[in-house]
Amino acid sequence: MKLLYTAFECAPFFKTGGLGDVAGALPKALQKKGIETIVVLPYFTFIPERFKNECQDVTAFTLEVGWRKQYCGIKRLDFQGVRYYFIDNLYYFGRDRIYGYDDDAERFAFFQLAVIEMMGKIAFIPDILHVNDYHTAMIPFLLKEKYHWVDNYQAIRTVLTIHNIEFQGQYGPEMLGDLFGVGQRRYDEGAIRWHNQLNFMKSGIAYANHINTVSPSYAEEIKTAEFGAGLEEILRMENQKLSGILNGIDYEMNNPSDDPALVAPFDAADLTGKALNKVALQKLMGLPENSKVPLLSVVSRLTYQKGFHLLLEELEHLLQFDVQFVLLGTGDPRFEEAFRKIVARYPEKAAAKITFDVTLAQKIYAGSDLFLMPSAFEPCGLSQMIAMRYGTLPVVHEIGGLKDSVRPFNPITNQGTGFGFEQFRGFYLTEAVKQGLQVYHDSPNVWEKLQQAAMTTDFSWETSCQNYIDLYNRLL
Ligand code: GLC
């Protein structure tokens, strides 16, 4: 089976969030299982030099972006068993960031057209073309409505993965002609229109042969007005081709028994090293060193999605308990400021690093006891799985991928892999934290059992990629 996988971000080359992690890990896992996989990405000039130096020029051609004629270079890199193709154009990708420009629509259009035309130029015609989020969601539409005359492309089956339905790519309908060189008929009919805008995500939903989200619960939730961001109706209509597949995490990079960021390795059979990591973390964050006090942590983008308005409501209350709190992340300036203020008031108990730091993130996963993830909505979420792998029990709002990955503590059976609350209210968040603290203090044996259960739950891509293989097979 031949697979073309494309996304607008991909670790370790460039990423802003979970989409990049998934695009970095899933193709590798699929290739290992024998799927002939290529990954197609934009060639951003800020890709680290060590990768750029290894890239080979494959070909170049002129691409029509509406009335524009643009240079389109194709570069190739073989890395960790996977073949990557990069689409090169300095005008579109010679920028400081991935997203956030006035001409993003044009940049996405160029990239998507290039992906399609490239297949012919490098003679790689996939059985499955897998696109991710709205940046690449126009591809299924384009294949059907613009490239239907290319015989080779007729048998290609398309999959759209929705990592976050809140971002949809909404642009004026004139973009269809101006950027894609297609007419407005399908727009006028309504198939790709929403609220009088061209909607990339909706187009993907309507035209892909299959749509999936990154957890089974989120696949259900987005069919409701509460979570569907306006697309719930079309998702209900397309229900027969919608499914949910839980993401995995990278087990090589997230391995407590072999992680260079840790001061001592540990595993489910022997957790002694975890206490050393905790003390090292306390020292690093300028908190009193004490392996007994429960350490609550956050590693996240500081956004509304992640539920920080809820946590901020409760944080000072939580700090009245005998706990410590550490936070790592950047995001909405209002949240950054609010956390800065609170930690300044409790220097003996709370510390925050308002930055992006992958090494410190690993130290926090390893060195803390409870990992807070009260997301308002969460398509999948990766950090709660990483935390569990490091024996740090997550406290989660039981929705989306959080519900599908964390088994909330059951006080009757003493089983679980974390703590959960259902109603999105500060009171319930605090109750869940209190429940965690109680087990931590009163029942160390139970606590250790929960840690072991969390650490040995299988979140590897190795396992979860099989669901994608099954899906691809069903489509052929
Ligand atoms: C998005 C979602 C997150 C998910 C990630 C990878 O960032 O918000 O929940 O884990 O995509 O699929």
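Domain bounds here come from an automatic or database domain assignment. The model is predicted.

**Exercise 1. Domains**

Task: State which domains the chain is assigned and how many Å separate their centres.

Solution. 
1. Taken over C-alpha atoms, the centres of domain 1 and domain 2 are separated by 34 Å.
2. Contact is taken as heavy atoms within 4.5 Å. On that criterion, 17 residues of domain 1 are in contact with 16 residues of domain 2.

**Exercise 2. Position of the ligand**

Task: Explain why the ligand is said to lie between domain 1 and domain 2.

Solution. 
1. The shell around the ligand has 14 residues, of which His163, Asn247, Glu378, Cys380 and Gly381 come nearest.
2. Domain 1 (2-248 + 461-475) and domain 2 (272-456) each give residues to this shell, so the ligand lies between them.
3. Sorted by class, the shell consists of six nonpolar, six polar and two charged residues.

**Exercise 3. Polar pairs and cover**

Task: Find how far the oxygen atoms of the ligand are from polar side-chain atoms of Glu378, His163 and Gln305, and what share of the ligand's area the protein covers.

Solution. 
1. For Glu378, a polar side-chain atom is 2.4 Å from an oxygen atom of the ligand.
2. For His163, the distance from a side-chain N or O atom to a ligand oxygen is 2.6 Å.
3. For Gln305, a side-chain N or O atom and an oxygen atom of the ligand are 3.0 Å apart.
4. On its own the ligand has 310 Å² of accessible area, and the protein covers 94% of that.

**Exercise 4. Annotated regions**

Solution. 

**Exercise 5. Backbone details**

Task: Is the peptide bond from Ala11 to Pro12 cis or trans, and is phi of Ala123 positive or negative?

Solution. 
1. Omega is near 0° for the bond from Ala11 to Pro12, and the bond is cis. Pro12 belongs to the loop between strand E1 (2-6) and helix H1 (18-32).
2. Ala123 has a phi near 55°, a positive value in a residue that is not glycine. The loop holding Ala123 runs between helix H4 (104-121) and strand E6 (128-132).

How values were computed
Residues are numbered from 1 along each chain as its sequence is written. This is a predicted model: local features need pLDDT of at least 70, side-chain atom pairs count only at pLDDT 80 or more; totals for chains, interfaces and linings use all residues. Side-chain values use heavy atoms; hydrogens and water are left out. A residue is near a molecule or strand if one of its heavy atoms lies within 4 Å of it. A polar contact is a pair of N or O atoms within 3.5 Å; within protein, one must be able to donate a hydrogen and the other to accept it, and residues adjacent in sequence count only if both atoms are side-chain atoms. Accessible areas come from the Shrake-Rupley method with a 1.4 Å probe; for residues, only the protein chains shown count as cover. Ala, Val, Leu, Ile, Met, Phe, Trp, Tyr, Cys and Pro count as nonpolar, Asp, Glu, Lys and Arg as charged, and the others, Gly among them, as polar. Helices (H or I, at least four residues) and strands (E, at least two) are DSSP runs, numbered from the N terminus.
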